[in-house]
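Hi,

Here's the structure I promised to send over. Have a look at it first, then read my notes below.

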Amino acid sequence: MEEDNLKNLIKRLSKLPGLGPRSAQRAALFLIKNKEKDMLPLSKALYDVAHYYKPCVQCNNLTESDKCSICDDPRRHQNRLCVVEDISDLWAIERSGVFQGKYFVLGGNLNIMDGRGPSELGIDKLVKYVSLMCDTHTSNEIILATSATVEGQTTAHYIAERLQEFSIIISRLAHGVPVGGELNYLDDGTLALAMKARTPVG
Ligand SMILES: [Zn+2]
């Protein structure tokens with residue numbers, strides 16, 4: 001029985017991103033050897049997040065309340081909304097500190113082959129959000145920060161079409177030029193995309 005539990009733990013650990021069966025075995029043994037210091041706190045952390053975290057009613061970010069701390073923050077720009085594919089993208093933009101507005105997390109990109117259509121991404125919820133924004137604020141801007149893949153571009157294009165009825169500015173991230181990166185070190189495709197996606201300055 002005990003062996004089955006351990007096998008089950010290793011099997012589950014091996015499904016985590018970046019872990020294969022061998023790293024899962026190492027992780028399991030590490031946890032068993034450090035039961036008090038690491039394994040029990042990890043077990044509690046997993047339980048807490050599984051039970052108390054849920055999607056924000058407004059933006060789909062993770063939160064323990066109905067609304068996340070970003071949606072609830074009155075100091076953030078109420079008329080700027082950044083649409084991202086995943087929560088990891090939201091975290092990346094937050095880490096950079098360049099954006100002080102609100103977010104909407106799609107939870108993926110449009111990919112009909114994988115069964116992700118407009119309803120799976122909650123595009124209707126986004127349209128309602130934008131509609132409410134336009135009723136309450138002026139000079140609204142939506143930044144479509146989906147990835148530079150074909151699916152990401154398709155998603156941005158689709159959302160831009162759905163938001164055409166509103167008088168808002170819709171912009172797209174200029175992809176590919178790293179901060180401090182020199183243009184001549186970029187490959188042509190990346191540079192072309194960054195150039196096409198250029199946004200007005202000032
Ligand atoms: Zn939120």
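First, a definition: a residue counts as buried if 20 or more other C-beta atoms lie within 10 Å of its own. By that rule, buried residues make up 17% of the 202 residues in the protein chain. Keep in mind that this is a predicted model.

Now the overall layout. The chain has seven helices and six strands, and from the N terminus on they go α-α-α-β-β-β-α-β-α-β-α-β-α. Of the contacts with a separation of 6 or more, 49% are between residues 24 or more positions apart.

Next, the core. The largest nonpolar core holds 24 residues. Leu-81, Val-83, Val-84, Tyr-103, Phe-104, Val-105 and Ile-159 have the most contacts inside it. At least two residues of this core come from each of β3, β4 (102–105), α5, β5 and α6. If you click on Val-105, look for its contacts beyond four places in sequence: among them are Cys-59, Asn-60, Val-84 and Leu-90.

Finally, have a look at helix α6, residues 150–162. It has 13 residues and reaches 18 Å from its first C-alpha to its last, close to the 18 Å expected. Which of its residues are buried? They are Thr-155, Ala-156 and Ile-159. These three sit on the same side of α6, because they cover an arc of only 95° around the axis. On the other side of α6, Val-150 and Glu-161 are exposed. The buried residues of α6 are covered by elements including β3 (80–84), α5 (123–136), β5 (141–145) and β6 (169–172).

Cheers

Technical notes
Residues are numbered from 1 along each chain as its sequence is written. This is a predicted model: local features need pLDDT of at least 70, side-chain atom pairs count only at pLDDT 80 or more; totals for chains, interfaces and linings use all residues. Helices (H or I, at least four residues) and strands (E, at least two) are DSSP runs, numbered from the N terminus. The expected span of a helix is 1.5 Å times one less than its number of residues. A residue is buried if 20 or more other C-beta atoms lie within 10 Å of its own, exposed if 12 or fewer, and partly exposed in between; C-beta atoms are placed from the backbone. The arc is that of the directions from the helix axis to the C-beta atoms. Two residues are in contact if their C-beta atoms, placed from the backbone, lie within 7 Å. A nonpolar core is a set of buried Ala, Val, Leu, Ile, Met, Phe, Trp, Tyr and Cys residues joined through C-beta atoms within 7 Å.
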